[in-house]
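Here is a short report for a reader new to this structure. Start with the sequence and the model below.

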Amino acid sequence: MKRNRMKVDIASILVLLFAAGAQVTPAQESHIGGITGEATRGRHLYRRYCVGCHGPLGDGRGENAPWVDPKPRDFVTGTFKCRSTPSGELPTDEDLFKSVTRGLVNSNMPPWLPLTEQQRADLVAYVKTFSSRFREEKPSAPVEVPSEPAADQQSIQRGSELYQKMNCWSCHGKEGHGDGPSAQTLVDNRGYPIPPFDFSAGTRFKCGESNQDLYRILMTGLDGTPMPSSSSALTPAQTWDLVHYLRALQINAKYSKASSPPRTGGSVALNKQLVRRPEHADLF
Amino acid sequence: MGTKTRYLHLAAATAIALSATPGSPSRSAAIERKSSAAKAASSGHSEGHEAGTVSGTVRVIGAQTAAARINMAADPACLRIHPTPMMSEEVVTEANGALKNVIVYISNGVGNRSFDPPKEPAVFEQKGCSYSPRVLGMQASQSLQIVNLDPTSHNIHPVPQNNREWNIIQPPGSSPIAETFTREEIIPVRCNVHPWMKGYIAVFKHPYFAITKEDGTFDLKDVPPGEYMIQAWHEKYGVLTQKVTLEGNQTKVLEFVFKP
Ligand SMILES: [Cu+2]
């Protein structure tokens, strides 16, 4: 009986090995600018730098995962937060490259600037092998970011009305402190609690820091989280109004926060993280 | 009302069962026709005169608790729509235990046949800060139309396992959002703005599914003769499975009973 099970186990290991081999065979590549990334090279880098968090199977269950919050990304589902593509779609190679380079603020995902561009491109190619979606689907055209109009008082005022109408405050709070009436109930697609962005916590976001990045964040949403896409709800002009309002909110939220007593240990840790962010903003 | 329809179904089933005794000419004819019906099926799901029906009732017995009131204080716009609190629709039963919003469907036996999705869209409404219907059945690749009839913004956030996960804000007065799902799955849908809003979209590759009505009844129509596994899925009580063999022109009556 016991021996039988052993046999089955060996058989299934063999099957797994073959499957893993087959996974690399359709030579997954990435294309970033003029660089072509190769999954075969990325594999070795992944084993060295990423496996501890993202796990050997890319399912986000590396040995450090239990101590990491938010959890490392599960690459198998093909669901990513930072995209230039509409909600529900795969990210482009460039999107993944930017995430690996920039890291994700307010999380344990570090920036990988010490690696060369070629190495990061190879890693992107390897990350894509974990989900069959990258073989079956193509991301559609990136969201266009039109040029930014003036951030005048009227634009900020219109943006403030949209923040109200679109129920952003339900999660992010009236003053942007991430304490709206629904904030405590939010979970990500794996069931872990996830706090809404606190606009007093800094000017950087997971998916970038420029006004263009912010525009894109509003259009695409952060898939796998409660943060929705506004793409079918806002015109480009309205989206810019909202961007301008959020920038004003960031400043106001910081002051209104400073005058109130510190809240949770969480937000203190969050600030520390922001302080030790490397200064490579200008690169992207 | 529920019991009355059930008896009617029973009567019909017995009548058909009696006329189709084993070895009778009508039965062998049904078997012969099975293969040609299967071939014809890909062109649509009208199986001609030999197709049958699987109908019946779903009930729940024991362990029933009164529905909870929903607190909509998080959004004044929702609160205004419901001066008296809305009750949770997770479990909707009648006195005899008849259970609403159960998806009943063929889980096995349809084989590899493919079916064109219906032309008309499946419609999922946000009405009164609640989903209508709470449980929607649709075919894979059928168009799904999402409508917001409320004076407040909702975010529509399906959380699938096998389909694409997306999450879109729909403010009041916006035009319907058109989407679709391509893989078979029962997908929970959430509005994260209003945590009490819960719905399910069940996606099937075939047209043999139904959602139970208030009286717990369901009808799977136009089912070709064959051997099937039929499942009944409820969001709280889980899944029940029964096997059924359907002869030509037959109506089979099934009863599913959840005993939580
Ligand atoms: Cu809602």
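## The interface between the chains

In this predicted model, chain A and chain B bury about 1,900 Å² between them, 52% of it on carbon and sulfur atoms. Buried area is the accessible area (1.4 Å probe) that two parts lose on being put together, summed over both. A:Lys165, A:Asn167 and A:Pro228 supply 21% of the area that chain A buries against chain B, more than any other three residues.

Contact means heavy atoms within 4.5 Å. By that rule, 27 residues of chain A touch 22 residues of chain B.

One salt bridge is counted between chain A and chain B. B:Arg183 forms it with A:Glu136, and the closest N and O atoms are 3.3 Å apart. A salt bridge here is a side-chain nitrogen of Lys or Arg within 4 Å of a carboxyl oxygen of Asp or Glu.

On the side of chain A that touches chain B, helix H6 (133-136) and helix H8 (168-172) each supply at least two residues. Helices are DSSP runs (H or I, at least four residues), as are strands (E, at least two), numbered from the N terminus.

## A hairpin in chain A

Strand E1 (residues 29-32) and strand E2 (residues 35-38) of chain A pair in the antiparallel sense over four bridges. Pairing requires at least two DSSP bridges between two strands. A:Ile32 has A:Ile35 as its bridge partner. Two residues lie between the strands of this hairpin, and A:Gly33 in the turn has a positive phi of about 55°.

## Notes on the model

Residues are numbered from 1 along each chain as its sequence is written, and chains are lettered from A and ligands numbered from 1 in the order in which they are written. Local features need pLDDT of at least 70, side-chain atom pairs count only at pLDDT 80 or more, and totals for chains, interfaces and linings use all residues, while side-chain values use heavy atoms, with hydrogens and water left out.
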